[in-house]
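Welcome! Take a moment to look over the sequence and the 3D structure, and then let us walk through them together.

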Amino acid sequence: MPERVPSDHPSVTTSRAKLERSGGTRRPCLRLPETVSVDEGDVVRLVLDGDERHAVVTRDSSGLVVRSAHDNRRMARERDGENRLVEWAEAVGRSPGDAVEVDEVVAGTLYGVRVPGGRAVYSATEPPRDSLSDIAESLGSGDTGGD
């Protein structure tokens, strides 16, 4: 059973971050603070208002950024479906230039994003072992053979 961890728990590291404009669009993206333990290409779980989403970490000339959040890992890698980061930002009244808080719940794996001064509670689960996640990814991206 996952452990419930509040954003103000001593095991959670909180950093100030900023929403920025994604490329030439008016859509917000999340500029990650240097303190987070992720690398370019990582797929992380991102909690937005209690809903766990998945996001790919990318890099631009200014550092690490999350451009979109999706319902599952495959959708995040393919940037398929609704961009839940944009939906969340609109729902909480945040736009490019606004500050947000990024909570590192499980380093390299689970992060929460919230409005400054707000509080969140996360389900802190450990990621699957690499061997299991590799198998799951290969099954999810394999050719089904049916055309």
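## Arg 31 and its strand

In this predicted model, Arg 31 stands opposite Val 65 in strand β6. Strand β6 covers residues 63-66, and β3 pairs with β6 in the antiparallel sense over two bridges.

Which way do the residues of β3 point? Strand β3 spans residues 28-31, with Pro 28 and Leu 30 pointing one way and Cys 29 and Arg 31 the other. In a regular strand, side chains alternate between the two faces of the sheet. All four of these β3 residues are buried.

On to another neighbour of β3. Strand β2 (residues 13-21) runs antiparallel to β3, and four bridges join them. Here Leu 19 has Leu 30 in β3 as its bridge partner. The two strands β2 and β3 form a hairpin with six residues between them, and Gly 23 in the turn has a positive phi of about 60°.

## Two salt bridges at Arg 31

Arg 31 forms a salt bridge with Glu 20, where the closest N and O atoms are 2.9 Å apart. Since Arg 31 lies in strand β3 and Glu 20 in strand β2, the pair ties together parts that are eleven residues apart in sequence.

Arg 31 also forms a salt bridge with Asp 60, with the closest N and O atoms 2.8 Å apart. This pair links distant parts of the chain: Arg 31 is in strand β3 and Asp 60 is in strand β5 (residues 51-60), 29 residues apart.

Are these residues buried or exposed? Arg 31 has a relative accessible area of 11%, and buried means under 20%, so Arg 31 counts as buried. Glu 20, at 25% relative accessibility, is partly exposed, and Asp 60, at 26%, is partly exposed.

## Other salt bridges

How many salt bridges does the structure hold? There are 14 of them. One joins the side chains of Asp 80 and Arg 74, at 3.4 Å from N to O. Both partners are partly exposed: Asp 80 has a relative accessible area of 33%, and Arg 74 has one of 31%.

Salt bridges also build a network, which links Asp 51, Arg 53, Asp 71, Arg 84 and Glu 87.

## A covered strand, β8

Now turn to strand β8, residues 110-114, which is mostly covered, with five of its five residues buried. Both faces are covered: Leu 110, Gly 112 and Arg 114 are on one side, and Tyr 111 and Val 113 are on the other.

What pairs with β8 in the parallel sense? Strand β4 (residues 43-48) does, over four bridges, and Leu 46 has Tyr 111 in β8 as its bridge partner. Strand β7 (residues 99-106) pairs with β8 in the antiparallel sense over five bridges, and Val 102 has Val 113 in β8 as its bridge partner. Together β7 and β8 form a hairpin with three residues between them, where Gly 108 in the turn has a positive phi of about 80°.

## The chain as a whole

Stepping back, the chain has three helices and nine strands. Along the sequence they follow the pattern β-β-β-β-β-β-α-α-β-β-β-α. Of its 147 residues, 40% count as buried.

The accessible surface of the chain comes to about 8400 Å², and carbon and sulfur atoms contribute 45% of that surface. Among contacts in the chain with a separation of 6 or more, 49% are between residues 24 or more positions apart.

How values were computed. Residues are numbered from 1 along each chain as its sequence is written. This is a predicted model: local features need pLDDT of at least 70, side-chain atom pairs count only at pLDDT 80 or more; totals for chains, interfaces and linings use all residues. Side-chain values use heavy atoms; hydrogens and water are left out. Buried means under 20% relative accessible area, exposed over 50%, partly exposed in between (1.4 Å probe, protein chains only). Two strands pair if DSSP finds at least two bridges between them. Contact means heavy atoms within 4.5 Å. Accessible areas come from the Shrake-Rupley method with a 1.4 Å probe; for residues, only the protein chains shown count as cover. A salt bridge is a side-chain nitrogen of Lys or Arg within 4 Å of a carboxyl oxygen of Asp or Glu.
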